[in-house]
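Hello,

Here is the structure I promised to pass on. My notes follow below it.

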Amino acid sequence: MELRQLITFRTVAITLSFSRAAAALNYVPSNVTMQMQALEGELGVRLFDRLGKQLTLTDEGTRFLHYVNHMLNTLDEARDNLSGDGELTGTVTISANEVLCAYRLPDVFRSFRERYPGVRIIFRPLSNEQLKPSLYEGKTDVVFCLEEPVHAVPLRAESLVDESFRLLVAPDHPLLQRKELLPEDMVGEMFLLNEKGCPYRTMFERSLVMRGMDSGDNLEFSSAEAIKQCAMSGIGIAFLPEIAVASELERGQLAALPLDFSDLQVTTQMLWHKEKWLSPAIEAFMQTARTILTGSEGEAIGQMG
């Protein structure tokens, strides 16, 4: 069993793609395939299953990933303790949902790459429901989420940016003529929302109930961009974070309804596993995120467990 096979296995397990793993490691895809076949042959088990075009870890692969993460983290720690003060190297695996990927993280990635060109970043976009499990399973070093302050064992959470939300409609929507919205004004309206399970959709529906309103009919989307386009087309009322619609509001393509959601405590947060050894590369990325998103080092707000 070779060290490069373990590194390749972890990269494939993170990306769930031989081709993306090959690109991240500067291999040709056939090299990755041969390494994984050799590793499976030595272990005597299947590590991956193919379901159509989707690559998944088997139960044995998931168990093996736990040991590989431990071995490689220990090796990284030893290497960093023994190395000099040369250029920072290593790999950092990041995950976030669509909104943060598009509107919060690009500046972080750009700044980090400029300062630490020797560190490889693997970014894996995930749905909201998959973010915390990716930390529990060791597939991701750091995740960014958009929700209420997280309290989940055994994670650490750090709030970086308070996010505001708006109800958004096409600029010719009749409800824009009202200075105040009443419960009866929402009767018969179509809401354009993220899929069930999205933290801020849950908070939105809870807020409407507290105001005596009902979300009634709604269309569900997995993409904030799709929600925006449908709202601009006059299909219904969108509920989105302001960061995702700032340009459309400025250009007059969308307008905000007069309903205040400042009571929602939603923040962009950085999460990591409290038992995870944070390599210098991971620490450097986290510090870059703090600097770019808050302008300061920030403080951990959640040591759970």
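First, the ground rules. This is a predicted model: local features need pLDDT of at least 70, side-chain atom pairs count only at pLDDT 80 or more, and totals for chains, interfaces and linings use all residues. Residues are numbered from 1 along each chain as its sequence is written, and side-chain values use heavy atoms, without hydrogens and water.

Helix 3 covers residues 29-43. (Helices are DSSP runs of H or I, at least four residues; strands are runs of E, at least two; both are numbered from the N terminus.) Its buried residues (under 20% relative accessible area, 1.4 Å probe, protein chains only) are Val32, Gln35, Met36, Leu39 and Glu40. Seen down the axis, they fall within an arc of 130 degrees (taken from directions from the helix axis to the C-beta atoms), so they line one face. The face turned away carries Met34, Gln37 and Gly41, which are exposed (over 50%).

Strand 7 (residues 165-169) pairs with strand 11 in the antiparallel sense, over 2 bridges (pairing needs at least two DSSP bridges). Valine 169 has alanine 255 of strand 11 as its bridge partner.

Best wishes

Notes
Expected span 1.5 Å × (residues − 1).
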